[in-house]
Amino acid sequence: MSKSTQQPDMLSGGEMLCRALHDEGVEYIYGYPGGSVLHIYDALHQQSKIKHILVRHEQAATHMADAYARASGKAGVVLVTSGPGATNAITGIATAYMDSIPMVVITGQVMSHLIGGDAFQETDMVGISRPVVKHNMMVQDPKDIPAMIKKAFYIAQSGRPGPVVIDIPKDMTMPNEKFPYIFPDRVKMRSYNPVSKGHSGQIRKAVKLLLKAKKPVIYSGGGVILGKASEELTKLARTLRFPVTNTLMGLGAFPGTDDQFIGMLGMHGTYEANMAMHNADVILAVGARLDDRVTNKVSKFCPDATLIHIDIDPASISKNIQADLPIVGPVQSVLSEMLEQLEQSSLSVDDEAIDQWWTQISKWRERHGGRYRKDDSKKMKPQFVIETLAKVTKGDAYICSDVGQHQMFAAQYYKFDKPNRWINSGGLGTMGFGLPAAMGVQLNYPDADVVCVTGEGSIQMNIQELSTCKQYGLPVKILCLNNGYLGMVRQWQDMNYESRYSHSYLDSLPDFAKLAEAYGHVGIVVEKAEELESKLKEALAIRDRAVFIDVRVDPEEHVYPMQVPNGSMCDMFLSKTERT
Ligand SMILES: Cc1ncc(C[n+]2csc(CCOP(=O)(O)OP(=O)(O)O)c2C)c(N)n1
């Protein structure tokens, strides 16, 4: 609204889109142009409030926006053209969807009158994206654009967050067709009302169960980070003195270096976390999905436990494991109410039982405790590389991981003390996520140490983004645990296929250090463990370019513990020669 006249400004669809994004508080959008979005790009060119980051592949735009959202809690924004631009974005949309990440993706579409006629670069984006979005919509009248933007952000960021696609036919953005610009203050939707509070009666029952527990575990997931409830979770755990385990997505929700933290749980969880879960009498699951990477065989899951399950999304509760006490609500408000009720309760924690439980957990910790064989070969151990990284960054870097063994080693050995620092594709497991994710974080947190932990397989899935990195001067550190193989595939082949390495050896790898230099960055090779710390420090000191640190690690190494397929949570391989 123009203040002088109180009359709405008259804008084209493209201009309205830019203005609405600005009014929504957006600073950066990540994208790639093409025919159907050229009017929008022209409108972008004629304003200075929204900054556009030009990637080299649309998938990277989605991961940049996604990682910004994971680090900041606010939706990231993507702009791509129709057809191949839109389909290239699908992997990133699905990645965000699986991890409930808020994102608004604007896709160009062919002219309205051409839709359905197999026009050049036409794909049915509303149809293609349907299974991997929280919501999608197509603009049918340019006047609706501001309200649709407002609605898209509201849906993406409220309740259980997720990606929203807005498909815009080219004729909705014609530069010479102007409409009154009205940006709504708020959104009201009759069909969508996420819960704002948990049921107090259920919370009271949960508190009673917790206070009676003798072998309890707090199992918290990515929902605690998304729901900004780390503080409440930590307070609750400290008040109760209960052990805490985090999922891969929940790392950092409770301090990783705290004595009450028993490590990650699940397929590559710690021995003590999986043992504690299996033997627990009460499990408090908070913002966690009880997915197959955690439960192992559902029928053998935690036989003695009463399950309390808090989640914002009613569809997540009892989806995989029947909850004994469901609480639907935002985790932050539910945990706050639990804390209040605990304070007022006349009952208290069974201290003696909890002491005995901790004695048992300490014994489990001693048995395995995340050890690895440092002495069984002269080759550098990937675990040691991550431990050294944690040491030189004081555990305070943003770690953006790719997918594979390196991801699990980073999850196990970095020890995240803060939420929003561990940025990885947990649900979809998207190789190629790491580098663009690190770029998205670095752009928005320019002074932070941002490290992409990757493998030589994953990094090649979006390595072209080194060019984007150069253009925007993003000093990300790429730490490649180079084992010469698709390591996680090789591990499975070792364990299940008598070491028949079918297509897991990566022949003809480039000289990554030289490749990084060709893009205008710095390349460093590390072959000896003694050199690692000083080279990492040298890399972290470089602030004007990216640094590719190619670390040669032992290809024989496996990620342990590893749950035995179809077993219970406590059936684990602990090394190449031991199993529970
Ligand atoms: C896009 C995609 N394709 C295939 C896979 C299956 N996959 C999971 S881990 C992995 C190997 C990753 O190798 P690398 O990046 O070198 O990491 P490493 O396991 O050696 O640490 C593969 C192929 C995947 N997760 N994502």
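Author: Let us begin with a definition: two strands pair if DSSP finds at least two bridges between them. Strands themselves are DSSP runs marked E of at least two residues, helices are runs of H or I of at least four residues, and both are numbered from the N terminus. This is a predicted model, in which local features need pLDDT of at least 70 and side-chain atom pairs count only at pLDDT 80 or more, while totals for chains, interfaces and linings use all residues. Residues are numbered from 1 along each chain as its sequence is written, and side-chain values use heavy atoms, with hydrogens and water left out.

Reader: In what sense do strand 19 and strand 20 pair, and over how many bridges?

Author: Strand 19 and strand 20 (residues 547-552) are paired in the parallel sense, over five bridges. Within this pair, V522 stands opposite V547 of strand 20.

Reader: What is the order of the strands in the open sheet?

Author: The open sheet has six strands in the order 16-15-17-18-20-19, with parallel pairing. Its edge strands are strand 16 (422-423) and strand 19 (522-526), each of which pairs on one side only.

Reader: Moving on to the ligand: how many residues surround it, and which are the closest?

Author: The ligand is surrounded by 17 residues, and the closest are Q405, H406, G429, S458 and G487. A residue is counted here if one of its heavy atoms lies within 4 Å of the molecule. The shell divides into seven nonpolar residues, nine polar and one charged. In this scheme Ala, Val, Leu, Ile, Met, Phe, Trp, Tyr, Cys and Pro are nonpolar, Asp, Glu, Lys and Arg are charged, and the others, Gly among them, are polar.

Reader: Which side chain has an N or O atom 3.0 Å from an oxygen atom of the ligand?

Author: That side chain belongs to N483. A nitrogen atom of the ligand lies 3.4 Å from a polar backbone atom of M431.

Reader: How much of the ligand's accessible area does the protein cover?

Author: The protein covers 75% of the 590 Å² that the ligand has on its own. Such areas come from the Shrake-Rupley method with a 1.4 Å probe. Helix 15 (405-413) and helix 18 (487-496) are the elements that give two or more residues to the shell. Helix 18 gives the most, with three residues.

Reader: Is L290 buried or exposed?

Author: L290 counts as buried, at 1% relative accessibility; buried means under 20% relative accessible area, exposed over 50%, and partly exposed in between, with a 1.4 Å probe and protein chains only. L290 has a positive phi of about 50° although it is not a glycine. N566 likewise is not a glycine and has a positive phi, of about 65°, but N566 counts as exposed at 51%.

Reader: Which peptide bond is cis?

Author: The bond from Y560 to P561 is cis, with omega near -5°. P561 is found in the loop between strand 20 and strand 21 (562-563).

Key:
A polar contact is a pair of N or O atoms within 3.5 Å; within protein, one must be able to donate a hydrogen and the other to accept it, and residues adjacent in sequence count only if both atoms are side-chain atoms.
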